[in-house]
Amino acid sequence: MKFMKLGSKPDSFQADGNNVRYVASELATDVIVVVDDIKFHLHKFPLLSKSACLQKLVATANEANNNEVDISDIPGGPSAFETCAKFCYGMTVTLNAYNVVAARCAAEYLGMHESVEKGNFVYKIDVFISSSILRSWKDSIIVLQTTKSLLPMSEELKVASHCIEAIATKACVDVSKVDWSYTYNRKKLPEENGNDPNWNGVRTRAVPKDWWVEDLCELEIDFYKRCIMTIKTKAILSNEVIGEALKAYAYRRLSGFSKGMIQSGNVGKYRSIVDAVVWLLPAEKGSVSCSFLLKLLKAAIIVDSGDMVKAQLVRRIGQQLEEASVNDILIRAPEGESTMYDVDMVHKIIEEFLMQDKNAETDVPEEHEVVEIRRPGVLSDASKLMVAKLMDGYLTEIAKDHNLHVAKFVDLAKLVSGISRPTHDGLYRAIDMYLMEHQAISKSERKKICKLMDCRKLSVDACMHAVQNERLPLRVVVQVLFFEQVRVAAASGSSTPDLPRGLKDLNNGSRRSSRSAATNPEEDWDAVATAEELKALKGELAALRLSNGVGGSERNGSDKAAITKMKGLLKSKKIFAKLFTSKGGQGENSGSDSSESVGSAVLEETKSTPSRNRRNSVS
């Protein structure tokens, strides 16, 4: 730390109790200077020779036959005045980064300028600040911090402005020219930790580009904001470095921020920090991570930032959502809400993500507003797929919330239904989790949820799980069986896979009797499958697989056994008449409707091509 000593006489200021200060001298004191509750018993000559302010005040006091003057409004208080008084007496005064601003403001108040006496206090302090303080990285930061308690005079004297400019200039210096000490604990170099056996006191590794980031975290948000703005104005440092600085500040200043929360404290102060960090974010995409943006959004919700701040974060997050993890987007619902998570906020983020393909080529920049440059069709298939998988995981997590309504679950899933996915296993897990946690939902709601899934895109493991899943409607279980048959037949080289013999017999031979007997066959199909039904359907699936790997006689035996179980089961339930009827509805993710349509088409084909049916069916 830089310092400056002035004067040569020994310090002879002494105290008499807590409220009296005086100079030990043979000469009697002839003036009392009052600062707050402290009285300084001093001599007029040394004070008046250097202070224009005291000259006027003492003259006024003399006219009133009074030897006491009050300057309780002096910046810096009694301590700063005592420093100025010692300078007047020629006593030794030591100035450093911690007291120089207070001394400068007090000297300005007292009028200790060159017009009063050459080489006066103001001049000497200004020389010290410009030649030493502002050339020191850490001293500049310390001095800037001290100016806050001395407002507004410190601003009027431009001390704060000079410090901010010095700090910004040094932060933008080429790293090869950085030869001063700085704090860097996040990724500290081995030689700085004292762990490098070859460390000889000379820095051998390159200075990191963000070497200045941690030291600036010591500043309060108002000064920090001004420093970052000045650094950005110079347009030398990359947006990634600016983003790293903002991230470090948020982690340092917002307690609990790393865990996506804000611990109890001054909410107003935290809000100002969040708002400032969001406002300072570089406009370019990727300058900060999506995870950091989501933490900022969670903090903004907690401290109740304005809608503009939240909207800006939602937009930024949506533009790089593919980088996020499920834990990142688990945003807690505001207090008073019945649900665990803020699903509506995630809904807005997904909409913003999908909006990128619909935006115009560029947004028109506006003053004082951060604007992103966007291009049509900017979303790659890989990005879309990553977001679809992200939403599958998110749906699985929020499905555990007993208060989550079916409509919100379905609406969120439908947002990404247009994204083609090679597998629907993740969506199946989310649906199964919701059905497990919400067993009291109606048949129509259960059907609506299951229609989100395309049974054709379930893996073999997912199919095996679904066939044994007592939470799924029987309709969905049979669809899984059918498409597993299609998969197995296609794998065996069959050009046109047919329905299983047992299912065709059930459909063709018993349709009329079942239709007349069933009072509401649609409800039977939407009902949850019983354990007995699942067991028989599982046996049918095993028969389908076995029929592609064994001889004809073995296939016949296995098929007949499965047929017998299925036929008796379906007749007893009076549901087989609805086996592959279609109620319309197309689309990749409308699994129930699309599978029914496929089944109906196959049935029509079996009627029109009896010879092929006989050739491919198991008798």
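Does Asp 36 count as buried, exposed or partly exposed, and at what relative accessibility? The points below take up this residue along with other features of the predicted model.

1. Asp 36. With a relative accessibility of 44%, this residue counts as partly exposed. Asp 36 is located in the loop that links β4 (31-35) with β5 (38-42). Its phi is positive, at about 60°, although the residue is not a glycine.

2. Overall composition. The protein contains 29 helices and 7 strands. Of its 619 residues, 49% are buried. When contacts between residues at least 6 apart in sequence are considered, 71% of them join residues at least 24 apart.

3. Confidence. The average pLDDT of the protein is 79, and 73% of the residues score at least 70. Among the elements, the highest mean pLDDT, 97, belongs to helix α4 (residues 100-110), while the lowest, 35, belongs to helix α29 (residues 610-616). The pLDDT is below 50 over residues 188-194, a stretch that has 14 contacts in the model beyond near neighbours in sequence. It is also below 50 over residues 558-619, where the corresponding number of contacts is 142.

4. Helix α11 (residues 221-234) packs with helix α12 (residues 239-253) at an angle of about 170°, and the two axes are 11 Å apart. Since angles over 145 degrees count as roughly antiparallel, the two helices are therefore roughly antiparallel to each other. On the α11 side, the contact is made by Ile 221, Tyr 224, Ile 228, Ile 231 and Lys 232. On the α12 side, Ile 242, Ala 245, Leu 246 and Tyr 249 take part. By class, the residues of this contact comprise 8 nonpolar, no polar and 1 charged.

5. The loop between α11 and α12. Ala 235 is situated in this loop. The residue has a positive phi of about 55°, although it is not a glycine. Its relative accessible area is 64%, so Ala 235 is exposed.

6. Length and burial of α12. The helix has 15 residues, which at 1.5 Å a residue should span 21 Å. The C-alpha atoms at its ends are 21 Å apart, in agreement with that expectation. The buried residues of α12 are Val 241, Ile 242, Gly 243, Ala 245, Leu 246, Ala 248, Tyr 249, Ala 250 and Arg 253. These buried residues pack against α11 and also against α10 (213-216), α13 (267-280) and α14 (290-302).

7. The cis peptide bond. Leu 151 and Pro 152 are joined by a cis peptide bond, with omega at about 5°. Pro 152 belongs to the loop between α6 (137-146) and α7 (153-156). At a relative accessibility of 53%, Pro 152 counts as exposed, the cut-off being over 50%. In sequence, Pro 152 and Pro 75 are 77 residues apart, whereas in space their C-alpha atoms are 9.6 Å apart.

Notes: Residues numbered from 1 in each chain as written. Predicted model: local features only at pLDDT ≥ 70, side-chain atom pairs only at ≥ 80, totals over all residues. Heavy atoms only, no water. pLDDT = per-residue confidence, 0-100. Helix = DSSP H or I, 4+ residues; strand = E, 2+ residues; numbered from the N terminus. Contact = heavy atoms within 4.5 Å. Axes fitted to C-alpha atoms, helices over the stretch in contact; angles between N-to-C directions. Parallel < 35°, antiparallel > 145°, perpendicular 65-115°, else oblique. Nonpolar A, V, L, I, M, F, W, Y, C, P; charged D, E, K, R; others polar. Expected span 1.5 Å × (residues − 1). Buried < 20%, exposed > 50% of the residue type's maximum accessible area, 1.4 Å probe, protein only.
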